Amino acid sequence: MIAQQDSHKIEARPFAKQEYTQAELITCVASRLLEDNRSVLVGTGLPMIASMLAQRSHAPNLLLVFEAGGIGPRIPELPVSVGDSRTFYKAVAATSMHDVMSACQAGYIDYGFLGAAALDAYGNINTTVIGDWEHPKVRLPGSGGANDVGSFCWRTIFIMRNQSTRTFQSKLDFITTPGWISGPGARERSGLPHGCGPYRVITQLAVYGFDEHTKRMQVVSLHPGVTLEDVQANSEFPILAPAHVPVTEPPSPEERRLLREIDPRGIVLGR
Amino acid sequence: MERNIPILATGSGELVGWRDPDENRAWIRENKPRGLVDKRMSVREAVERFVPDGAYLALGGFGHIRTPMALIYEIIRQRRRGLVIAGKTAVHDIDLLIGGGCVKKVECAYAFGHELRGLSPAGRRAVESGEVQVVAELSNAAYQWRFLAGMMGVPFMPVRNMAGTDTFEKSSAIQIKDPWSGKPVILVPAAIPDVTLIHVPRCDRYGNAQIDGIPVEDIELARASRRVLLTTEQIVDDDEIRDHPQRTDIPFYIVDAVCEVKYGAHPTLMPYLYAFDEPHIQEWLQQAKTPQGAQAYLEKYVHGTADFSQYLELVGGAATLKRLEQIEQNKGRQT
């Protein structure tokens, strides 16, 4: 399964006079990245809600695919596992991991979501171990499907609800899943499929992309009330920024209404 | 085309479960009956006969979906030791086995976590203390392609994931130059588990089994394994299987034991039949926060019960099971 652990939750600074929560903002940003008539490999938690929100707003024909075998379900309520029977409820197919992962490797899957304990400037992530691999300080679940998402999906979107100097690291203890590895051309030289890789990183502070020439992270937009100084203070590595940085569009009333419909009990979004 | 194929990189992880394809063919010829044999037996007998200490063991389903819990409890009850576990999305299954002291090594695609329910205290504690050793890493797709190679009787499978990462470096895979494209390609070695445990909704007495919903990787895993132990919600007549032969996911000749255990996946989810027993899963996760708590849980529910039916009574019996059936079978009608 796609790792979603938030093992180092930090309290993000409150936004000024906002009506929406941080989780709602992140989910809406993620949702808007998903274009209609495309496919997305979905994990549990926020990515699931973002994908469901996209389907109920601008992308009704977004194809949801789950690594354990669910393809194109009409999800009745939030699944707690990527193999939960809700992931193949009224689906077009309840198939195997081999089938889904082969589709990913063959190039059918446009978007993939990833979360992580830590990420570096190239979008490489660690979900395996904190400290030494043989004598771990903290043992995390490992790759699960994360390495497969990061290797195969055309565009990988990262959700990190806890950006800080502990999670945005200069050097990872372990590279579980490939981002741009060490810069332009590194993925292809390593043997990964050509032309795919990290696309966006969404945190509680900002939205990031990757610089075309260096493949290092750069700011795409700052969430309302957040400054470039805030962004840099919460990262071990320097983050690039263009001359003009727009503000992230907050959730609309309609998006918030749909989110309450999707997660009425606030299981993932909280209340 | 390249005439000399160079090895570009070699993973340093321990090679778990690989066998020479000819050695395995000979073993299959000798040990797997091709005739229809009645394989019905108790869970106790299946574990006694087919799960030795130190076995390389794989669990079907998906961590807490269609998990073969009755067999897992019996392995703990019989105090098996030194097991090597295929951590292929291992969740509640491996957690209990580790808590029961049965596990020595894990090859890890996903383990020590419970997806949305968080990290697993028992698994983490065992790895961080060195009681359980992680001997290799890989991804979910890489693991199931190891089983695919095992099923096919070939020594390895070429794949295009894991390149450029520590996941590859700690795996048992190697990387060569693809003789056709000239690009680097990774070869994952075949995996042949000594024993695989799978829970299914129905099968006949010979082991012809149907799975409802997603088979996950059980098609490949079962065929790759030397011994396959099935628990089933229901044993049906052979004719019922033959009426719908397109529905047979696992054919009899790869199955070694058939154990009828209704609710045999409790407290995990059985698609279309019963939901997670969320309070019970939470009870384990709470208790597992300390070694004493984990032991108390296992004393009460596993060692303190003679078999799975006693366990079901202890978790609430018919009332609990009816509630779980209603939740799962009403899915989609609530919203």
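A residue is taken as buried if 20 or more other C-beta atoms lie within 10 Å of its own, and as exposed if 12 or fewer do. By this criterion, in the predicted model, helix H7 of chain A (residues 253–262) has buried residues at Glu255(A), Leu258(A), Leu259(A) and Ile262(A). Viewed down the axis of H7(A), these buried residues fall within an arc of 105 degrees and so line one face of the helix. Pro253(A), Arg257(A) and Glu261(A), on the other side of H7(A), are exposed. The buried residues of H7(A) pack against H1 and H2 of chain A.

Helices H1 (residues 22–33) and H2 (residues 46–56) of chain A are also in contact with one another. Their axes come within 8 Å and cross at roughly 55 degrees; H1(A) and H2(A) are therefore oblique to each other. The crossing of H1(A) past H2(A) is right-handed. On H1(A), the contact involves Ala23(A), Ile26(A), Thr27(A), Cys28(A), Ala30(A) and Ser31(A), and on H2(A) it involves Leu46(A), Pro47(A), Ile49(A), Ala50(A), Leu53(A) and Ala54(A). Ten of the contact residues are nonpolar and two are polar, with no charged residue among them.

Between the chains, 51 residues of chain A are in contact with 52 residues of chain B. On the side of chain B that touches chain A, at least two residues each come from helices H5 (121–129), H6 (140–152), H7 (166–169) and H8 (218–224) and from strand E8 (184–189) of chain B. H6(B) gives the most to this side, with four residues. The side of chain B that touches chain A comprises 25 nonpolar, 15 polar and twelve charged residues.

Technical notes. Residues are numbered from 1 along each chain as its sequence is written. Chains are lettered from A and ligands numbered from 1 in the order in which they are written. This is a predicted model: local features need pLDDT of at least 70, side-chain atom pairs count only at pLDDT 80 or more; totals for chains, interfaces and linings use all residues. Two residues are in contact if their C-beta atoms, placed from the backbone, lie within 7 Å. Ala, Val, Leu, Ile, Met, Phe, Trp, Tyr, Cys and Pro count as nonpolar, Asp, Glu, Lys and Arg as charged, and the others, Gly among them, as polar. Axes are lines fitted to C-alpha atoms, for helices over the stretch in contact, and angles run from 0 to 180 degrees between N-to-C directions. Angles under 35 degrees count as roughly parallel, over 145 as roughly antiparallel, 65 to 115 as roughly perpendicular and the rest as oblique. A crossing is left-handed if the near helix is turned anticlockwise from the far one by less than a right angle, and right-handed if clockwise. The arc is that of the directions from the helix axis to the C-beta atoms.
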